[in-house]
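Hi,

Here is the structure I promised to pass on.

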Amino acid sequence: MSLVNVSYAQESAPRDTLVIEKSDLDAPIFYSARDSIYSDLKKKQVHLYGDAKVDNGEINMSAGYILIDLNKNEVLATYAYDKDSSKVEFPLFSDGSDQIKASTIRYNFNTEKGFIEEVAIVQDEMHLYMEVAKRHANEEIHFKKGRFTTCDLEEPHYHFQLSKAVMIPNKRIVTGAMNLWVGGVPTPLGLPFSVIPQAEEKSKGLIFPQFVPISNFGFGIQDLGYYVPINDNLQTTFYGTLYSRGSWGLRNVTDYSKKYGFQGSTNIGFQQFKSGFPTNSNQNKLSLGWIHSKDAKSSPYWGFRANVNYISDNNTQNNLDPINDQYFNNTLTSDINLTRRFPNVPILSAGMKIRMRQNSVSENISLTSPVMNVNVTRFFPLKKLVNGSKGWRQLLTRFGVTYNFEGQNRALFSDSLLTKRDLAGINDEFLNGFSHTFNLQTTASLFKNTLKVTPSLQYGNKMNFQQTNRWYDTANDSMIVDKLPRFGTADDLSLNVQATTVLYSYYRFVGKNKPLVRHVLTPTVSYRYVPNLNSNKIVYDGFGADRDTIVYSPFEQSLYSVGNTRDQQLITFGFNNTLELKRKSDKDTVDGFKRTRLIDGFSITGNYDILKDSNNLSNISLNLRISPVKWLNFVSTSSFSAYAWDESTGRTTQDWALDSNGRLGRFINTNLTTTVTFTSQESRKEIEKTQKRIEENWTSDYAFFALHPEHAINFDIPWKVTLSHVYQISANQNISTTSTDRYTDIQTLMVTGDVSFTKRWKLATTTNLDLATGRVTNSRFTLTRDMHCWALAFHYTPIGLNKSFLFSIRSTSMLFKDAKIDVRRPPSFL
């Protein structure tokens, strides 16, 4: 005892604290065991049996059996046996963020060296197995007969067999000869040596390309890359693409970031297309991309975001990639947005944006450079001046004011002007101006909060620097419209009063389940008065007694247009209905009643213009949404006109249909959409879980699946089939000799389904069918295989504008994301 100076401090059995002299160890050792602890004071050893644990503050170790040798300052850990003589409780060694699992670990606290047998190290996605290893004082590990993989199974699906290697923690692994094993079988693929970077070290190197056996440009090597890490905040990658018929492309992607500051990336590319014999023409294509976002922590009152996508020829379909994800994207959007909030004036905010839209269908470019805005959110100037909120006082306390200012410089021009670099022509297309909008609003609750009345007054002032002038050209018998660079102002004023309430009706039926139907009606009625505060212009279209009089606003084609040329008094009405069935049930309910929505929503809206000369009543909009069961959804939208129509032309007349032909009217257009999803009850719950996960981790890439979770591929769902039927019918209001049908209709059916015919194989398909012609307009088949650490996918689109074929095998690990095989040439029978 005097030689060792050992004392025990019992915390809670069987956990002890062994304190030894400074010369032996620098820190106390805390240890515990589940079964027993035996201390051999003569040999200065402590034996720990069953779930043994040792912790000295820096080193953590757990195993089935641990021996602490105070003479050698060593710890020996090994596994234990269970009642079936199977090895259990393998040693786990933790030193900071690294964790090692092995069959035997011996570690010396003084030399900081260790000897390890059958070790397994896990760092992020990397799994490293070593048969015999030695840990040195500089933390380097030398080992023999190792296995390197990203598969987390004890018997991995694949691994790289290493003859010998040295691991430098958080830097690299340098190996000797290595070769690839798949399913425990060696393959002839391998390398004489390798350097494997670890998480904290980025090393430059080649990125494996994709081989395209056949395409419109011939045989190709696509995206052969070279990665260059510059520092912790900046990295860049260069890509090259070359095809056998002479087409080529270069691309650079640079990522940058600053902690608590900003992050972003740039993507700059150039492609040259060669058409070959006999034209031998070249077509050049420049693409620019920039994504940038500012971290709110850097400055909470300033915001800056950028998302730029530009293509010089305004065409996403001529791409060197045979399977282009942007094939159906006809619009490219670019935005650069700067915002500012003012801490001393929280209701005030300002912003400036540059925006560009490229449309390959219309071959137009819309450019707004810039648009500036200043917004004052609603504030209540009379709230502190009036005491109480009952009676007439609530009108004053709830009186709110908002203000918005906007200034724009916007142009819509043909993309050919940009290709020709005709800057003068682009400048002539710009429209500019300013807009001020004031909104005054209050709210009152009447008759014990059963009726809500909301009066409001809105005033707007529009300043434009361009006006329109119309005149009739008698020589050519045509109307001429000139755009003049002339400044002018226009005013808008509208007075609104809206009243709304909620009515409840209950219908009780006879039955043992005591069924009860609740009807909720929400009527809304509003009055709106819009006086014409601006002077109009009059021009005569033609000459003689049959000439037409045209009244127009000089700002009808300005940036801030003025559409109304007369006073307006509108009475707007709307009725929204819901219907719910409530019946007694003992299954899956909280209060003993089960509720079923018979009608999710049925709304009727329209307006009546008192001052209009004719056709005062607008078209009536009807919207119906029904989802009586979870697997069925029905949506209907219609527009109904109460006026008569000319049977020969189909055009609406000024007479009421009831007076003209004894009918109530006609439906101008109707859209019926029915969606049915067939799957098991358990799978339906899984679809709901998928939707919740997507909503919680939403990004723009998940927007479609957030609205349609039944289309997401999930291996936990054995099968599902979704049928979507869309029926559109519209009245022909322009009957002619070429189009004599009174109504035109379109019927389409989309069939989406997938089935797992084994645990890891799934077949999915999406087919669009035009029921009017009986033709399949688009069809896509997808075969996927969940290979745990690898993913196999087969995509085949035999019908449609985007015909394609892709067979790919790629790793699911980010470490080997560029390790993939893509076959894009279909077999001859396809």
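Searching the whole structure turns up two cavities of 30 Å³ or more. A cavity here is a set of points, on a 1 Å grid over the protein atoms alone, where a 1.4 Å probe fits but cannot get out, and lining residues have an atom within 4 Å of a point. Grid points are joined across faces, edges and corners, and a volume is the space filled by probe spheres set on the points.

Before you go further: this is a predicted model, with local features needing pLDDT of at least 70 and side-chain atom pairs counting only at pLDDT 80 or more, while totals for chains, interfaces and linings use all residues. Residues are numbered from 1 along each chain as its sequence is written, and side-chain values use heavy atoms, with hydrogens and water left out.

The largest cavity comes to about 60 Å³. Its lining includes W645, D646, R666 and Y743, and by class it splits into three nonpolar, two polar and four charged residues. (Ala, Val, Leu, Ile, Met, Phe, Trp, Tyr, Cys and Pro count as nonpolar, Asp, Glu, Lys and Arg as charged, and the others, Gly among them, as polar.)

The second largest cavity holds about 40 Å³, and its lining has five nonpolar, one polar and two charged residues. Strands β12 (104-108) and β13 (114-123) each give two or more residues to that lining, with β12 providing the largest share, three. Strands are DSSP E runs of at least two residues, numbered from the N terminus.

Now the cores, meaning sets of buried (under 20% relative accessible area, 1.4 Å probe, protein chains only) Ala, Val, Leu, Ile, Met, Phe, Trp, Tyr and Cys residues joined through side-chain atoms within 4.5 Å. The largest has 42 residues, and F143 is among those with the most contacts inside it, along with L48 and I66. Strand β6 (residues 59-69) supplies the largest share of this core, five residues. Leaving out residues up to four places away in sequence, F143 touches, among others, L128, M130 and L162 (contact: heavy atoms within 4.5 Å). A second, separate core of nine residues includes I365 and L417.

Last, some strand pairing (at least two DSSP bridges between two strands). Strand β18 (residues 178-182) runs antiparallel to β16 (residues 158-168), with five bridges, and V182 is the partner of Y158. β18 also pairs antiparallel with β19 (residues 185-191) over four bridges. In that hairpin, two residues sit between the strands, and G183 takes a positive phi near 60°.

Cheers

Conventions. 1 Å grid on protein atoms, 1.4 Å probe; cavity = no way out; pocket = protein on both sides within 12 Å on 5 of 7 lines; lining within 4 Å. Buried < 20%, exposed > 50% of the residue type's maximum accessible area, 1.4 Å probe, protein only.
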